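Hi everyone, thanks for coming. Let me put the sequence and the structure up on the screen, and then I'll walk you through a sheet and a pocket.

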Amino acid sequence: MSVPFLKDIFVYPIKSCRGYRLDTCAIDAYGLVNDRRYLVTDLKGVQRTAREFPRMVLIEPRIVDGELLVEAPNHRTLRVPGRESVITNIVAWDDMCEAMDCGEEAAEWFSRYLGVPCRLVKMHAEFKRPVDAKYRVRDAQVTFADAYPFLMLSTASVDDLSKRVRASMVIERFRPNLVVTHCEAYAEDSWQTIQMGEITFYGVKRCSRCVLTTVDPETAEPGKEPLSTLSSYRKNTEGKVLFGQNVICEQTSGVIRAGEKINIISVGTITV
């Protein structure tokens, strides 16, 4: 029987924008270092996401030497130094949060790209946004991600979906942090406790998917798939479409590495 292992690590510096692969990545109390630490908002501090602005998936942010570099088609490269100083209140989903405003140049860049007034903010150093107590492990916190520090998905699950859709579904469409391989399709649904090296992870909640999965990450064009097909066989009794596993880490520091074997410590039924 094959032993599953961690194939890829993805970090998404700005919520709803493109991610990039890493061979190794540090973790902290919030998840992967540099993952979803930035957020685009309107002028009232309410988040803007690719659900409303699909073109955001074409924005390519990357952290280089402590600075945020942002690129997008037909736009100049934006460089955001890591020295924000103005504190502002923003709303991420229903949570009121303190963040650091990234300044006028960043605001102008995103406003031009999206065609609406925008601000770019960064997670405050003393940011507190606890994971839902029903699913919390330790005093787990989450960044500007939807609700959980990590999303785990297997290549086998994506391959099975692609066969059903009769089209290749790239894994980037589903925005995972942890991509696992050498397991059966949907095996990750039941992983309650797993270990990678010295790091322990807990599967706490299967991930309910939204319309963002229907946006092509290469073109930003919306469609009906794969949500339509997923709805035919991955919908629960509450009408939510499930694909992937929300995960919390036991440790608040450490490093994970692509290629590490995954030790499955316990399995069980995990629902929304």
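This is a predicted model: local features need pLDDT of at least 70, side-chain atom pairs count only at pLDDT 80 or more; totals for chains, interfaces and linings use all residues.

Residues are numbered from 1 along each chain as its sequence is written, and side-chain values use heavy atoms, with hydrogens and water left out.

Strand E7, residues 67–72, runs antiparallel to E8, and 4 bridges join them. Strands here are DSSP runs of at least two residues, helices (H or I) of at least four, numbered from the N terminus; two strands pair if DSSP finds at least two bridges between them.

The open sheet has 3 strands in the order E6-E7-E8, with antiparallel pairing. Strand E6 (60–64) and strand E8 (75–80) each have a single partner strand, so one side of each is left without a neighbour in the sheet.

Now, the pocket. A pocket is an open set of points on a 1 Å grid over the protein atoms alone, where a 1.4 Å probe fits, with protein on both sides within 12 Å along at least five of seven lines; lining residues have an atom within 4 Å of a point. Which residues lie nearest the centre of the largest pocket? They are Arg51, Asp146, Ala147, Cys207 and Ser208, out of 25 lining residues. Strand E12 (150–154) and strand E15 (199–208) are the elements that give two or more residues to that lining, and E15 gives the largest share, 3 residues.
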